[in-house]
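Colleague: I'd like to learn how to read packing in a model like this one. Could you walk me through it?

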Amino acid sequence: MLNSTLSQLSRALAAKQISSVELTRLFLDRIGALNGRLNTFITVDEAHSLGQARVADERRAGKGNAGSAGPLTGIPIAHKDIFCTRSLRTTCGSRMLAGYTSPFDAHVIERFDAAGAVQLGKTNMDEFAMGSSNETSHFGPVRNPWDASRVPGGSSGGSAAAVAARMAPAATGTDTGGSIRQPAALTGVSGLKPTYGLVSRYGMIAFASSLDQGGPLAKSAEDLALMMNAMAGFDARDSTSLERPSEDYCRSLAMDLKGMRIGLPGEYFGDGIEPGVRKAVEEAVRWFQGHGARTVSITLPNTGLAVPVYYVLAPAEASSNLARFDGVRYGHRAKDYVDLADMYRRTRAEGFGTEVKRRILIGTYVLSHGYYDAYYLKAQQVRRLIAKDFVDAFARCDLIIGPTSPTTAFPLGAKADDPVQMYLNDIFTIPAPLAGLPGLSIPCGFDAKGLPVGLQIMGNYFAEAQMLGAAHRYQQATDWHLRAPGEAPL
Amino acid sequence: MSLTPDQLQRIALLARIEVGAAELPGVTDCLNGVLGLIDQLQALDTRGIEPMSHPLDAHLPPPQRLRPDEVTEPDRRDAYQKGAPAVEGGLYLVPKVLE
């Protein structure tokens, strides 16, 4: 059961081979056994989870008034601790919100509740989603289940590691510059960042609102599609939520790869890639070529500017979004202060960690008088060039394939003191959110150290079903996504 | 462009974040490293390019909606104030601003 896909679990629940209470108990016990070592969950409430499981069992039995059961009814799902929940505290990985319980549920939480899924707990994350290693969490780093001396990636590192260690069948995450895809790659799981606007940001604590997008992490592309069917949908409370007819993200899982044009951007296969990553990604490309797809060389010429653009725009938006944490309406307040301004300054100095403060300061600077045009407007102009690169590329291909990250999981502490090195590692995941495009990562092999390698598939706006279809075909022929890590034996 | 410790203190004041004297040199150095990274943008000629502020603005008609100007939220003041550090009589308490 621990290694089963969502559709297998769904069938087992429907056939009464297992109850939701038993299934939830199984994963709670797994969390109990492994969390001390991997630190993937910040908050678990067994009584709450089991209560929801009992309701799901009644729903599957046709009792109660929650409506008929769906594919996710009774399946435990872990949630990144950035999604507000009324029943579990929501910390966003920060001291600022260490004691915060939200008076409302995020739209994503409402959707999973309506589907009858069980809230398994809240997963660890980089503080306010600012980080690529999960080392900035106030609650301590998450450890990679493939090698506990290494990072799981970030910022959705807890969600990725929980799925990798089979502590949760699937999890939610958010992606601003790679925070779903990069940890998915580094922990050997599948993760999807949808087109901007498909998943409501209501109740998803804001980092950089023009980039933030919720999405799923799971073992397989097919599971990602099932998760998307529950997560995506219009929500009037998010002004950027898209009003579109609902779609079935499973609809292209049986698609034929014949004639599909796969773009290989030269910039994604340059010198900075580790040999083990290159080898695994090139082998995956050959697999697609051998199964009917045609590859075309493309260029995304402004790729090298994506990281600098991101580190103007994301901190600028963050400095504005995080102004709300002032010690007045919720969250931490400093004990000692002399006046109101001093209370703000001390509250924020104490409540925020080093990386969050760094980004707020950068954002404040680039938005300040005299620098706005030189930094902020300039970055918005280059953002358009990056988006245009993709428009040109998708005129010549259907999907773009490359590595998710230039490296496999790095040791804890290796980049923690050098933010610029940490930032540059996200070079392949930052362009898609700048353009608002969807991207996913699936496992495509291991390097010589036995660490998983992620294959990134990017598609045009609203091409999620096609991307998931291509990924699913690959996963039917390979078993990288079914391998479980040595640090968390089944 | 690079920041001096004095300029950093000014930014910290605007951001309402206290930066102590002991951490000031380290924070300044670190921020200058990041500014070095983003200064790469200055080399590019971007004259005539329209700034992109919404990730889908090149692709879709403006997706920002306006809703009818009607009351849609119930009064949940008590629920919202439950998590506040200090409240009294339905008001948020802050240090005295005016003597």
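Predicted model: local features only at pLDDT ≥ 70, side-chain atom pairs only at ≥ 80, totals over all residues.

Colleague: Which residues have the most contacts inside the largest nonpolar core?

Modeller: A:Ile77 is one of them, along with A:Val163, A:Ala168, A:Val309, A:Val312 and A:Leu399. That core has 161 residues, and its largest share, 10 residues, comes from H9(A).

Colleague: Now the chains. How many residues of chain A are in contact with chain B?

Modeller: There are 57 from chain A, meeting 42 of chain B. On the chain A side, H9, H10, H11, H12 and H13 each supply at least two residues. H12(A) gives the largest share, 11 residues. By class, that side of chain A has 34 nonpolar, 12 polar and 11 charged residues.

Colleague: And how do I describe a pair of packed helices?

Modeller: In general, you give the angle between their axes and the distance between the axes. Here, take H11 (residues 354–367) of chain A and H2 (residues 24–38) of chain B: the angle is about 60° and the axes are 11 Å apart. H11(A) and H2(B) are therefore oblique to each other, and H11(A) passes H2(B) in a right-handed crossing.

Colleague: Which residues in H11(A) and H2(B) meet?

Modeller: From H11(A) come A:Arg358, A:Leu361 and A:Ile362, and they meet B:Cys30, B:Leu31 and B:Val34 in H2(B). The residues of that contact divide into five nonpolar, one charged and no polar.

Key
Residues numbered from 1 in each chain as written. Chains lettered and ligands numbered in written order. Axes fitted to C-alpha atoms, helices over the stretch in contact; angles between N-to-C directions. Helix = DSSP H or I, 4+ residues; strand = E, 2+ residues; numbered from the N terminus. Parallel < 35°, antiparallel > 145°, perpendicular 65-115°, else oblique. Left-handed = near helix turned anticlockwise from the far one by under 90°. Contact = placed C-beta atoms within 7 Å. Nonpolar A, V, L, I, M, F, W, Y, C, P; charged D, E, K, R; others polar. Core = buried A, V, L, I, M, F, W, Y, C linked by C-beta atoms within 7 Å. Buried ≥ 20, exposed ≤ 12 C-beta atoms within 10 Å, placed from the backbone.
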